[in-house]
Amino acid sequence: MQYQQSSASSSWSYYMSMRSRHRAAEEDITMDRVARLVSESAVVIFTISSCCMCHAMKTLFCGMGVNPMIHELDLLPNGKQIERALMALLGGGAGGGAVVPVVFIGGKLVGSMDRVLAFHINGSLVPLLKQAGALWL
């Protein structure tokens with residue numbers, strides 16, 4: 001009986017280690033995909049099409065004369081994976097709160113709505129956009 005238990009537990013351990021490796025490889029691929037998407041434009045916003053805060057974020061940037069690249073996660077086939085990767089980049093989000101909108105400027109993570117608005121209010125958003133080549137005025 002002892003042999004069967006250790007065999008079963010070693011099978012479980014093997015399964016869990018393989019599962020962890022597979023998940024880690026999948027997360028690496030997703031992070032690479034996010035990095036590629038972020039590098040496509042000076043301003044990239046990850047949103048969900050029905051999110052009012054995402055709409056407000058898009059309106060803010062378009063009102064400033066910025067033409068951001070928008071990625072609607074609910075319309076992408078791998079949107080849930082990208083959302084999990086963004087959650088990891090933002091530091092977890094274990095509270096179950098909304099991840100989107102997530103903004104990248106000049107290939108760098110700015111953050112979600114609260115961070116972008118803080119930059120806008122303290123006057124550092126426009127220089128950041130100019131430095132990234134998203135604004136010329």
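Visitor: Which side chain does E83 meet in a salt bridge, and at what N to O distance?
Guide: A salt bridge here is a Lys or Arg side-chain nitrogen within 4 Å of an Asp or Glu carboxyl oxygen. By that rule, E83 pairs up with K80, at 3.6 Å.

Visitor: What kind of model am I looking at, and where does residue numbering start?
Guide: It's a predicted one: local features need pLDDT of at least 70, side-chain atom pairs count only at pLDDT 80 or more, and totals for chains, interfaces and linings use all residues. Side-chain values use heavy atoms, with hydrogens and water left out, and each chain is numbered along its sequence as written, from 1.

Visitor: Why are E83 and K80 about one helical turn apart?
Guide: Helices are DSSP runs of H or I with at least four residues, strands are E runs of at least two, and both are numbered from the N terminus. E83 and K80 are about a turn apart because they sit three residues from each other in helix α3 (residues 79-89).

Visitor: Is K80 buried or exposed?
Guide: Buried means under 20% relative accessible area, exposed means over 50%, and partly exposed is in between (1.4 Å probe, protein chains only). E83 has 14%, so E83 is buried. K80 has 60%, which makes K80 exposed.

Visitor: How many salt bridges does the structure hold?
Guide: Besides the E83 and K80 contact, K58 and E72 meet at 2.9 Å, N to O. That pair links distant parts of the chain, 14 residues apart: K58 is in helix α2 (residues 52-63) and E72 in strand β2 (residues 69-72). E72 is buried, at 16% relative accessibility. The count of salt bridges is two.

Visitor: What is the geometry of the aromatic pair F46 and F104?
Guide: Phe, Tyr and Trp rings (six-membered ring for Trp) pair if their centres lie within 6.5 Å; planes under 30 degrees apart are stacked, over 60 edge-to-face, and the rest tilted. One such pair turns up in the whole structure. F46 and F104 are 5.9 Å centre to centre with 80 degrees between the planes, making them edge-to-face.

Visitor: How far apart in sequence are the parts that F46 and F104 tie together?
Guide: F46 is buried at 0%, and F104 is buried too, at 5%. F46 belongs to strand β1 (residues 43-47) and F104 to strand β3 (residues 102-105), so the parts they join are separated in sequence by 58 residues.
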